[in-house]
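I opened my notebook to look up charged pairs. Here is what I wrote down.

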Amino acid sequence: MEAQGLFGKFQETEQRGVVGHSVPSPAIDAVELARKLQEKAMCSICLDYFTDPVTTTCGHNFCRECIWLTWEKAKGKKGRRKRKGSFPCPKCSELSSQRNLRPNRLLTKVAEMAQQHPGLQSRDLCKVHQELLKLFCKDDQSPTCVVCRESREHRPLRVVPVEEAMQEHKLKLKEDIGRLREERVKTQKLQTREQLTLAKWQEKVEDWRRRILVEFEKLGVLLEEEQQRLLQALRQEEAHALEVLLLPGEDWSQREPRQMLQIDTCVHWRKNSVSVQYPETTPTMLRMVCRLPGQIDVLKTFREDVVPDPATAYPYLLLYESRQRHYLSTPPDGTPCSKDRFLAYPCAVGHQTFSSKRHYWEVGMNLTGDALWALGVCRDVSRKDRVLKSPKNGFWVVQLLFPTPITLTKPPSHMGVFLYFEAGEVSFYNVNSGSHLHTYTQSTFPGPPQPFFCLGAPKSGQMVISTVTLWVKG
C-alpha cells in the first residue's frame, strides 16, 4: 500500500534526523514526504485525521464512523444496492460488505504520528490553500505558499524561497548580534565609568557633609562666645548705670543713739551751708548692639522682590523705576484720588500681601538727619486719617522720634525687614552692621500684612526699594 510505503520512508528519514528540514537531495524532500504522509493520514469523508480507520474490500480507507454514517444515508435510496448488505465505496463506487471492513492499525499509527510531529503542524501550512509555506515574501515579511505567489495580490511583490530568506535572516541576525555585543561592551564600560563617577561624587558629598557639621559646630561655639560677650557687656552697662544712680553714703541705721545726737547737733548748724549735688540723668538708651554672625546671610535666603504700589502712593510721593527709567507715579493734576491712595502722610504700601511663610526685604535709606520716616508692615488701615503708627492701629514699624517700642535717632543707611507670618513676628535689622534692632511679637496678625514705606517733608531724602526710588516732591 502507498500509505505503508510512505510510512516506511517517513520512519527512515525521521531516524536520520532530517524530518522538518530542507536538505537538497534527489530523494524525496523530508518536508514534502511529511506533507504526503499527512494527506494519506486524512479521511476523505470528514477531511480530518483518521479515527479508528477501516479498509473496504476495494482497498480504500475511511473512519469507521464516517463510512457507517455514509452507508446509513444510502439505505433509503432505491436502485443503489445490487445485493443485500453491500454498499458502494464513496471513492470508487465498488460494492463492499459491512462485514468485510477491516481495521487498519498501521494507518492509526500514521495518523497519530502526523498529528504529533512538529513538521506537520498547521503553522507550516497556508491557511488559505493548505499548502506548505515554501516561500517568503520580503515586502510583507511573512511566509507564503506557491499558490499565493501566483495570486494577483503577491505577483508584484518580492518572493524568495524560505531557505534563501532564512540564510539572509541568519546573516542579518549574526550582524545584529555582533552589534549588540559591541553595544554591550560599550555599555559595560560606560556603566563602570559611571560607577566610578558616582563613587567620587558620593565621596565629595560625604566630605561636604563633614565640612558642614564642622563649620556649624564652630559657629555654635562662636555664637556661644558672642552670647556670653553680649551678656557681659549688658551686665557692665547695668552696673555702671546703678553706680551712677546710687551715690555713696553712710548707713546711719547702724549708729548708736548718742552718736546720732552728736551728729544731729553738727548737722543743724551746717545744713544751710551744704549744697546738694544731684546725679546726672541716666540715659535709657542702651549703647550695646545685638549682632549675630551670619544672620543677615541666613535672612537673605527668604528675600522677596518687594515693589511699592504706585496706586497707593501719596499724591506728592514720587516713584521712579531705575531699570526702566520712568516714573511709576506722577504729581496730581486735579483729578480725584482713588480710595487706595494715602492722603494723610507721604506713604505707600507694597504690591504684595503676605499670609504665610517667611519673607525678607531690604530698603536703602538716604535720608537727612532730622527727616521724619517710618518703615515696616501694616494691615489694611485708614489712608485718609492721621493715626499713631502702632500695632494697635495696624502698624508694625520703626520710625524717627515717635513713641513706639523702637525709635531711632539716626536711620541706618540700609535696613532689612523680616516677616514670619505663622509666628506673628516682624523684625528689623541694620544690614551694614548686621545688628538686630527690634522684633514685634503677637500671637497672630489680624490680617495679611503688606510692606509699608513712609517719608516726611520734601527734601527729606530718599528710600530705595529694589529698583524703585521714593521721594517727596518739593
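I started with a network of salt bridges that links Lys 300, Arg 303 and Glu 362. I noted the cut-off: a salt bridge is a side-chain nitrogen of Lys or Arg within 4 Å of a carboxyl oxygen of Asp or Glu. This is a predicted model, where local features need pLDDT of at least 70, side-chain atom pairs count only at pLDDT 80 or more, and totals for chains, interfaces and linings use all residues. Residues are numbered from 1 along each chain as its sequence is written, and side-chain values use heavy atoms, with hydrogens and water left out.

I looked up Glu 362 and Arg 303 next. Their side chains meet in a salt bridge at 3.2 Å, N to O. The pair links distant parts of the chain, 59 residues apart. Glu 362 is in strand 13 (residues 358–367), and Arg 303 is in the loop between helix 8 (295–299) and strand 10 (317–321). I noted that helices (H or I, at least four residues) and strands (E, at least two) are DSSP runs, numbered from the N terminus.

Is Glu 362 buried or exposed? Glu 362 is buried, because its relative accessible area is 8%. Buried means under 20%, exposed over 50%, and partly exposed in between (1.4 Å probe, protein chains only). Arg 303 has 46%, so I put it down as partly exposed.

Then I turned to helix 6. Arg 179 and Asp 176 both lie there, three residues apart, about one turn of the helix. Their side chains meet in a salt bridge at 2.2 Å, N to O. Last, I wrote down the total: the structure holds six salt bridges.
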